[in-house]
Amino acid sequence: YKRQILRGLAAALDAAHAHGVVHRDLKPANVLVQRPKGGQATVKLVDFGIAKLRPDTAWAEGTTQTGQLLGTPAYMSPELIRGQTVDGKADAYAFGVLAYRLLTGRLPFVADSVFELLVQHTESPPPRPSSAVPELGANVDALVLALLAKDPAQRPKPLLEALERLETHAAVARTPESPRARGPVPVSYTHLRAHETGRN
């Protein structure tokens, strides 16, 4: 199920970016997931491009902020925080935050104030997802940390292609011809199913 959400969201963002649209406020509240009984999850991305701003005190998780910040601080890329011109790589960063939360049940950065949180996004290295869920493995770590790179040029795109490369790597690691097949498989999206229970 989590694999379907990530793939659907990646495909939606790639399609938007292909048409020159940058979301700029990617967060759980803007991702709608429908899953018919026994069917595939359908992901819909809403509230594209910040159309209007509204005041709110739930700055970390809830709503877009007023003032100079355009976005939700818990999911904002370093370049968006700095007020620089942004492109699809800013959405890739927010996608990395969402992926981190989906896979581990927690955000990569948590702080007691907006300022401290923004400093973490711009200066602090994110923790590895496997530090929270060891079963995720090194390859999931590599992808998520690449998405959360401070330098936009280091973030992978297109997003769906990056996920497919991860899946291909995991499939190769499981083949009998691969030396890794004799040891622990470093990552597979099948691992995600083990973490669905009890996590948001």
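These legends accompany close-up views of a predicted model.

**View 1. The protein chain as a whole, in six helices and two strands.** Along the sequence the elements run α-β-β-α-α-α-α-α. The chain has 200 residues, and 48% of them count as buried. Its accessible surface comes to about 10200 Å². Carbon and sulfur atoms account for 53% of that surface. Among contacts with a separation of 6 or more, 59% link residues 24 or more positions apart.

**View 2. Helix 3, residues 88-104.** This helix has 17 residues. From first C-alpha to last, helix 3 reaches 24 Å, close to the 24 Å expected at 1.5 Å a residue. Of its 17 residues, 16 are buried, so helix 3 is largely enclosed by the rest of the structure. At the start of the helix, Asp87 places a side-chain oxygen within 2.9 Å of the backbone nitrogen of Lys89. Gly105 follows the helix, with a positive phi near 85 degrees.

**View 3. The largest nonpolar core, with 37 residues.** Leu9, Leu26 and Phe95 have the most contacts inside this core. At least two core residues come from each of helix 1 (2-18), strand 2 (42-45), helix 3, helix 5 (137-147) and helix 6 (159-174). Helix 3 gives the largest share, ten residues. In soluble globular proteins, nonpolar side chains tend to be buried together.

**View 4. Leu9 and the residues it touches.** Residues up to four places away in sequence are not counted here. Another core, of seven residues, lies apart from the largest one. Val22, Met76, Ala90 and Leu118 are among its members.

**View 5. Helix 4, residues 114-123, and its packing.** Five residues are buried in this helix: Leu117, Leu118, Gln120, His121 and Thr122. The buried residues of helix 4 pack against helix 2 (78-81) and helix 3.

**View 6. Pro156 in the loop between helix 5 and helix 6.** Pro156 has a relative accessible area of 13%, under the 20% cut-off, and is therefore buried. Its contacts, leaving aside neighbours within four places in sequence, are Ala92, Leu143, Ala146, Leu147, Ala162 and Arg165. Ala92 is 64 residues from Pro156 in sequence. In space, the two are 7.6 Å apart, C-alpha to C-alpha.

**View 7. The cis peptide bond between Lys157 and Pro158.** Omega is about -5 degrees at this bond. Pro158 is found in the loop between helix 5 and helix 6. The loop between these helices also holds Pro156.

**View 8. Arg24, a residue other than glycine with positive phi.** Phi of Arg24 is near 75 degrees. Most residues other than glycine have a negative phi, and most peptide bonds are trans. Arg24 is found in the loop between helix 1 and strand 1 (31-34). Its relative accessibility is 26%, so Arg24 counts as partly exposed.

Conventions. Residues are numbered from 1 along each chain as its sequence is written. This is a predicted model: local features need pLDDT of at least 70, side-chain atom pairs count only at pLDDT 80 or more; totals for chains, interfaces and linings use all residues. Side-chain values use heavy atoms; hydrogens and water are left out. Helices (H or I, at least four residues) and strands (E, at least two) are DSSP runs, numbered from the N terminus. The expected span of a helix is 1.5 Å times one less than its number of residues. Buried means under 20% relative accessible area, exposed over 50%, partly exposed in between (1.4 Å probe, protein chains only). A polar contact is a pair of N or O atoms within 3.5 Å; within protein, one must be able to donate a hydrogen and the other to accept it, and residues adjacent in sequence count only if both atoms are side-chain atoms. Contact means heavy atoms within 4.5 Å. Accessible areas come from the Shrake-Rupley method with a 1.4 Å probe; for residues, only the protein chains shown count as cover. A nonpolar core is a set of buried Ala, Val, Leu, Ile, Met, Phe, Trp, Tyr and Cys residues joined through side-chain atoms within 4.5 Å.
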